[in-house]
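Hi,

Here is the structure I promised to pass on to you. Have a look at it first, and then read my notes below with the viewer open.

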Amino acid sequence: MTAPLRLVVRRREVVPPEATRLRVEISVRVPTNLDVVEETVDLVARHCLASGISPRAARFIVRVALCEALANAMQYGNQLDPAKRVDVRAQVDDSSLELHVRDEGKGFDPSSIPDPTDPTRIGLDQGRGLFLIRQLMDEVRFNARGNAICMIMRRT
Amino acid sequence: MSFTVRRDEATGVTIVGVDGQLIVGNRHDLKKKVLEAVEAGETKFVIDFAATGYIDSSGLGVLVSLAKKVRETGGELRLAALNADLRTLFELTKLDNLFTIADSTEEAVAAF
């Protein structure tokens, strides 16, 4: 049985000149275990909804994108090593939602992932995760090492 | 989350309901259930998504893999009752070209 997940939620006022804006940060560190993906996604999505993002975004876009990023981090980043962890951080303010997922792996080159909708690849049973993230979110960034993804959805 | 399997005796169609998510953590359970039915000689399948929350790329992948397996035995695996969000996933990945997708399970069964 896995240990319960510990979620940290911080709500704070953004300093002037944007003093009226509220920023909410949600963070959770999870073990590399595919069985905790659904629970982690649900925890983060529910807190995103409580922070004011649209019901459709919380129900669908955040869940699919975060599920993909967590699965990639655990399978390809951490190579399913149960000793390694994945850090998830969501940041919501008036203008955007940012989802950050970082693994302990060596990283990868995101430009090396082929288009899964290419007719020669459409029948394959994998390779659609990052493509879906890019399609569902407004902006996707990686750190230089390639072991941390930042997925941005604008709220305007 | 769970998968329910029932057989429509009148048509010989095996209907698999996806209750909850179809994602990286449970896709193997769906694969196992469908392959057991294939082993038992079933050839007509409908995957019913009426009670499904979301699907990830692993879930899409297992559907592609199962459809291929069922086709190899001369059968077909069809999808039914996808809501607008789930349908979007198939359209974005162009998998809507690979599957017959019906509005309801009844429609999918009747079309066999």
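The buried residues of α1(A) are V37(A), E38(A), T40(A), V41(A), L43(A), V44(A), A45(A), H47(A) and C48(A). "Buried" here means that 20 or more other C-beta atoms lie within 10 Å of the residue's own; with 12 or fewer a residue is exposed, in between it is partly exposed, and the C-beta atoms are placed from the backbone. A word on the names too: helices (H or I, at least four residues) and strands (E, at least two) are DSSP runs, numbered from the N terminus.

Before you go on, keep in mind that this is a predicted model, in which local features need pLDDT of at least 70 and side-chain atom pairs count only at pLDDT 80 or more, while totals for chains, interfaces and linings use all residues. Residues are numbered from 1 along each chain as its sequence is written, and chains are lettered from A and ligands numbered from 1 in the order in which they are written.

Back to α1(A), which covers residues 37–50. Its 14 residues should span 20 Å at 1.5 Å a residue, and its end C-alpha atoms are 20 Å apart, so the two agree. (The expected span is 1.5 Å times one less than the number of residues.) After this helix comes G52(A), with a positive phi near 110°.

Still in chain A, go to the loop between α2 (55–77) and β3 (85–92), where you will find Q79(A). The phi of Q79(A) is near 50°, a positive value in a residue other than glycine. L80(A) sits in the loop between α2 and β3 as well, and L80(A) has a positive phi of about 60° although it is not a glycine. L80(A) has 12 C-beta neighbours inside 10 Å, so it counts as exposed.

M151(A) has 24 other C-beta atoms within 10 Å, so it is buried. Which residues does it touch, leaving aside its neighbours within four places in sequence? They are A65(A), A69(A), L99(A), I133(A), M137(A) and V140(A). Two residues are "in contact" if their C-beta atoms, placed from the backbone, lie within 7 Å. M151(A) and L66(A) are 85 residues apart in sequence, but their C-alpha atoms are 8.7 Å apart in space.

For a contrast, look at T156(A), in the segment after β6 of chain A. It has 5 C-beta neighbours inside 10 Å, so it counts as exposed. T156(A) and T117(A) are 39 residues apart along the chain, with 29 Å between their C-alpha atoms.

Now for chain B. It has four helices and six strands, and from the N terminus on they run β-β-α-β-β-α-β-α-β-α. The radius of gyration of chain B is 13 Å, close to the 13 Å that the globule rule gives for 112 residues, so the chain is as compact as a globular protein of that length. (That radius is taken over C-alpha atoms, and the rule is 2.2 Å times the number of residues to the power 0.38.) Buried residues make up 42% of the 112 residues in chain B.

In chain B, helix α1 (residues 27–39) and helix α2 (residues 57–72) pack at an angle of about 10°, with their axes 10 Å apart. That makes α1(B) roughly parallel to α2(B). (Axes are lines fitted to C-alpha atoms, for helices over the stretch in contact, and angles run from 0 to 180 degrees between N-to-C directions; under 35 degrees counts as roughly parallel, over 145 as roughly antiparallel, 65 to 115 as roughly perpendicular and the rest as oblique.) α2(B) has 16 residues and reaches 23 Å from its first C-alpha to its last, close to the 22 Å expected at 1.5 Å a residue. Just after α2(B), G74(B) takes a positive phi of about 85°.

Finally, how do the chains meet? 20 residues of chain B are in contact with 20 residues of chain A. On the side of chain B that touches chain A, the largest share, eight residues, comes from α2(B).
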